[in-house]
Amino acid sequence: MRVAAVVPAAGSGERLGAGLPKALVEVAGVAMVTRAVDGLLASGIVDDVIVVAPAEHLEAMRAVVPTTARVVPGGHDRVASVACGLQAIGCADVVLVHDAARCLCPPEVVRAVAKAVGDGHVAVVPAIPVADTVRRADAEGRVVLVDRTGLLAVQTPQGFDPAVLRRAHEAAGDNRATDDAGLVEAIGAEVVTVPGDPRAFKVTSPLDLAMADALARLT
Ligand code: C5P
């Protein structure tokens, strides 16, 4: 089974406020993109890695990922960046899409996702139960309780049958889904889950960065 991984790392990192692309920000002395790629490779099942970088930071990104990983320029949002990565992958049985910002995802999650695709599921996402009580704000500013039963927080890497993911991106149009499973679901394909891991959280805010830093220093 040949597994290719696309790592969207072309975000600006505005919410992190570090003044450089988020994927280049260091967690305990190692760039997030380096950690994300190393985690994929540590799974032992990834054959090909494509890192999608901001066009003006290609060399900086190349300098911090293994030479076997290819670095290509991304687009104006995550959907566009993943599409750029997909164009660069060669022949594969499974394609994983893994946010550079989820840089501490354990290798066993990578293996579980790829295995589920290998077992015949066309779209697989790691997910963990939502721990907080959740409310939805309506147009009038009222907050309505949402039944949390069955609610899941979805992570990456997400795994796909490459033909299905390509079809989903071709059909995306104005759909700017925040993940690839959202695009695949929109073309009617079934999305299944495998257990995620709290360590696969996405670094978005300065607090997330501090938590990732502390966690990385523990292990
Ligand atoms: O902004 P956010 O953290 O939700 O982005 C998720 C992932 O998508 C990050 O790893 C980010 O680098 C990537 N991304 C991208 N191209 C963009 C915007 C975000 O590759 N234009």
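A: Helices are DSSP runs of H or I of at least four residues, strands are DSSP runs of E of at least two, and both are numbered from the N terminus. By this definition, Arg166 is found in helix α5, which covers residues 162-170. Residue numbers count from 1 along each chain as its sequence is written. The model is predicted: local features need pLDDT of at least 70, side-chain atom pairs count only at pLDDT 80 or more, and totals for chains, interfaces and linings use all residues.

A residue is buried if 20 or more other C-beta atoms lie within 10 Å of its own, exposed if 12 or fewer do, and partly exposed in between, with C-beta atoms placed from the backbone. Arg166 has 16 C-beta neighbours inside 10 Å and therefore counts as partly exposed. The C-alpha atoms of Arg166 and Gly120 are 17 Å apart in space, while the two residues are 46 apart in sequence.

The buried residues of α5 are Leu165, Ala168 and His169. Seen down the helix axis, they fall within an arc of 95 degrees, so they line one face of α5; the arc is that of the directions from the helix axis to the C-beta atoms. An α-helix has 3.6 residues a turn, so residues three or four places apart point the same way. On the face of α5 turned away from the buried side are the exposed residues Ala163 and Glu170. The cover over the buried residues of α5 includes α3 (78-88), β6, β11 (158-160) and α6 (180-186). Contact here means that the C-beta atoms of two residues, placed from the backbone, lie within 7 Å.

Through β6, the description leads on to a set of paired strands. Two strands pair if DSSP finds at least two bridges between them. Strand β6 (residues 94-97) and β1 pair in the parallel sense over 4 bridges, and Val6 stands opposite Val97 in β6. All 6 of the 6 residues of β1 (residues 3-8) are buried, so this strand is largely enclosed by the rest of the structure. Val3, Ala5 and Val7 point one way from β1, whereas Ala4, Val6 and Pro8 point the other way.

Strand β1 also pairs with β4 (residues 48-53), again in the parallel sense, over 5 bridges. Ala4 stands opposite Asp48 in β4, and Val52 is the bridge partner of Pro8. Strand β4 is mostly covered, with 5 of its 6 residues buried. Beyond it, β4 runs parallel to β5 (residues 70-73), joined by 4 bridges; here Val52 stands opposite Val72.

Pro8 leads on to the ligand. The ligand is surrounded by 18 residues, of which the closest are Pro8, Ala10, Gly11, Ser81 and Asp99; a residue is near a molecule if its C-beta atom, placed from the backbone, lies within 6 Å of it.

Finally, the whole chain has 7 helices and 12 strands, and 41% of its 219 residues count as buried. Its C-alpha trace spans about 50 × 40 × 35 Å along the principal axes. Among contacts between residues at least 6 apart in sequence, 68% join residues at least 24 apart.
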